[in-house]
Amino acid sequence: MRIFVAGSSGQLARALKARGAAHGHLVETFGRPVLDLAVPDSAAALIEGFAPDLILNAAAYTAVDRAESEADLAMAINRDGAAQLAAGARKLDLPFLHVSTDYVFDGEKGAPYVEADATHPLGVYGHTKLEGERQVLAENPDALIFRTGWVYGADGGNFVRTMIRLAGERENLDIVADRYGNPTLAADLADGLLTIAAKARGASGGVFHLAGNAEASWFDLAAGVMARLSAAGRKVPALGKISGDAYIAPAARPRDSRLDCTRAEQVFGVRLPGWPQSLGVAVDAILDSDRSAA
């Protein structure tokens with residue numbers, strides 16, 4: 001299968017390209033400057049030239065705090081750009097997969113969210129992603145939308161990489177302990193999406209949740225990173241717990257954005273590993289990369 005992936009520099013796009021061959025797919029990623037989803041109709045010629053069997057949108061404006069002051073740009077990419085891809089896929093009768101976020105919820109449910117739960121994003125980023133979901137389905141009712149959350153990996157900026165960096169700089173480190181989600185290894189998410197891609201044609205469109213199959217707080221995840229570093233012989237800081245209310249940022253974040261991924265497992269037979277099984281893969285890859293760069 002030839003898969004056109006919108007996005008090239010993000011964690012997921014890189015993982016999709018790296019994992020494509022293992023699934024028997026030819027995966028090609030397209031990002032700026034070749035593909036700029038903020039520009040209307042920028043994808044059509046690229047899609048036609050590549051002649052894919054499926055389109056997967058892994059591109060997004062993901063700078064949660066900066067989005068508060070760049071709402072127009074975030075909307076252009078997360079809503080309008082996604083919609084143009086969805087429309088293009090429908091015109092060519094191609095399956096379309098779109099990646100969304102747990103930030104469409106406000107985090108006040110107190111239990112893992114299912115797809116039918118009411119959405120209520122707290123910030124511009126979540127709002128633009130929710131509008132993207134709506135426009136994708138308006139343009140292409142057969143589209144498959146997958147909400148995920150807390151993505152981390154060896155590439156790009158993410159919480160795990162930040163923890164590894166801070167471990168080498170600090171003797172004490174305070175971590176938010178009352179915010180919860182599903183940490184998701186980018187490679188695991190890529191594997192799940194590529195498995196679903198092979199089953200996408202003829203599937204009923206709609207929204208699914210697809211994230212790591214284990215919950216955590218930010219403190220839990222940080223403690224997991226430190227345990228892995230310690231096992232590798234690294235000195236690690238002492239961790240302290242703080243409330244998310246003490247973390248001041250331009251954009252509000254959901255307190256508890258855990259996702260119930262049962263529906264994706266029932267429909268597609270896909271269940272992603274949990275972070276206790278996958279975290280070590282990312283930590284070891286980051287350490288290897290840092291050693292190679294030294």
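## Helices on an open parallel sheet

In this predicted model, helix α1, which spans residues 11-19, lies across β1, β2, β3 (54-57) and β4 (96-101), and its direction runs at about 155° to β2. A further helix, α3, made up of residues 71-91, also packs on the sheet, where it touches β1, β3 and β4 and makes an angle of about 160° with the direction of β4.

| Helix | Residues | Strands involved | Angle |
|---|---|---|---|
| α1 | 11-19 | β1, β2, β3, β4 | about 155° to β2 |
| α3 | 71-91 | β1, β3, β4 | about 160° with β4 |

The sheet itself is open and is formed by six strands with parallel pairing, arranged in the order β2-β1-β3-β4-β5-β10. Its edge strands are β2 (26-30) and β10 (206-209), each of which pairs on one side only, and neighbouring strands are turned against each other by 25° on average, with direction ignored.

At the β2 end of this order, strand β1 (residues 2-6) runs parallel to β2 and is joined to β2 by five bridges; Arg-2, for instance, has Leu-26 in β2 as its bridge partner. Together with helix α1, the strands β1 and β2 make a β-α-β unit that is right-handed.

How values were computed. Residues are numbered from 1 along each chain as its sequence is written. This is a predicted model: local features need pLDDT of at least 70, side-chain atom pairs count only at pLDDT 80 or more; totals for chains, interfaces and linings use all residues. Side-chain values use heavy atoms; hydrogens and water are left out. Two strands pair if DSSP finds at least two bridges between them. Helices (H or I, at least four residues) and strands (E, at least two) are DSSP runs, numbered from the N terminus. Axes are lines fitted to C-alpha atoms, for helices over the stretch in contact, and angles run from 0 to 180 degrees between N-to-C directions. Contact means heavy atoms within 4.5 Å. A crossover is right-handed if, with the strands pointing away from the viewer, the path from the first strand over the helix to the second runs clockwise.
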